[in-house]
Amino acid sequence: MKRRDLEFETLVREALKGKKVPILVLDRRWHTLFPQGEKPAEIIQLEEKLNELLKRQGYLVNDIKDLKKTKKKLMEGIVAGMNDAEPLRENQQRLLLEIKERIETESDELIELPRMIKKANEELLATGAHYCFERLANGDEQLKIVKQEIEELRISLREKTEWKDDLEESMDSAYSLMHGLLGHDVMNLYDKRKGKE
């Protein structure tokens, strides 16, 4: 990306500080910004990255819930089986420790994910804003060209309309003069001849 583009994206990020930005991939308005099939590859990659983070967050939330349920059942089993053989209790305690460690690891990751999601979302927004503003700038340029063409057509139409009016006036004048000079009968011959063409 060009240096000035990165500067623009930095300005967008600065402007977003302290503002609540919706998760773009979950917002319908975001998807309408890019006409079908015109989404840049860079935007698609950033969306995929954000989607993966969101999926990971959902997975961790559900997995931690399941692990906590399993931990609770395991603890109930340990309490209920206090008289069980030593190897069974040791195995249950080992499983309990593994589950506890996994819950801690996934909880730590889950705590970090919102920051990562926010950062990925802001990166997507800044990059998307660059593409949209570039498209707007191109649209402004095209609009200027079209307006200029319309103005040129108006001028041409006005000139042709004036020429047509002058021509009609000249023809009406010539017809009237010919009618006065040649008379009604001769002009009827002209009118009949003109009607056949």
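**Reading the labels on a predicted model**

Reader: What makes Leu182 count as partly exposed?

Author: In this predicted model, Leu182 has 42% relative accessibility. Buried means under 20% and exposed over 50%, with partly exposed in between, so Leu182 counts as partly exposed. Leu182 is placed in helix 4.

Reader: Which residues form the nonpolar patch on the surface?

Author: The patch is formed by Met178, Leu181, Leu182 and Val186, which together have about 380 Å² of accessible area. A patch takes residues with over 30% relative accessible area, and Leu182 at 42% is above that cut-off.

Reader: Which helix gives the most to the nonpolar patch?

Author: Helix 4 does, with three residues.

Reader: Why is Glu141 called partly exposed?

Author: Its relative accessible area is 43%. Because that value falls between 20% and 50%, Glu141 is partly exposed. Glu141 is also in helix 4, which covers residues 86–182.

Reader: How far apart are Glu141 and Pro22 in sequence and in space?

Author: They are separated by 119 residues in sequence and by 31 Å in space, from C-alpha to C-alpha.

Reader: How many aromatic pairs does a search of the whole structure find?

Author: The search finds one. Trp30 and Phe34 form that pair, and its geometry is edge-to-face.

Reader: Why is the pair of Trp30 and Phe34 called edge-to-face?

Author: The ring centres are 5.3 Å apart, and the limit for a pair is 6.5 Å. The planes are 70 degrees apart; over 60 counts as edge-to-face, so the label follows.

Reader: Are Trp30 and Phe34 buried or exposed?

Author: Trp30 is buried, and Phe34 is buried too.

Note on methods. Residues are numbered from 1 along each chain as its sequence is written. This is a predicted model: local features need pLDDT of at least 70, side-chain atom pairs count only at pLDDT 80 or more; totals for chains, interfaces and linings use all residues. Side-chain values use heavy atoms; hydrogens and water are left out. Rings of Phe, Tyr and Trp (its six-membered ring) pair if their centres lie within 6.5 Å; planes under 30 degrees apart count as stacked, over 60 as edge-to-face and the rest as tilted. Buried means under 20% relative accessible area, exposed over 50%, partly exposed in between (1.4 Å probe, protein chains only). Helices (H or I, at least four residues) and strands (E, at least two) are DSSP runs, numbered from the N terminus. Patches are made of residues with over 30% relative accessible area and no salt bridge: like charges are joined within 9 Å, nonpolar side chains (Val, Leu, Ile, Met, Phe, Trp, Tyr) within 5 Å. Accessible areas come from the Shrake-Rupley method with a 1.4 Å probe; for residues, only the protein chains shown count as cover. A salt bridge is a side-chain nitrogen of Lys or Arg within 4 Å of a carboxyl oxygen of Asp or Glu.
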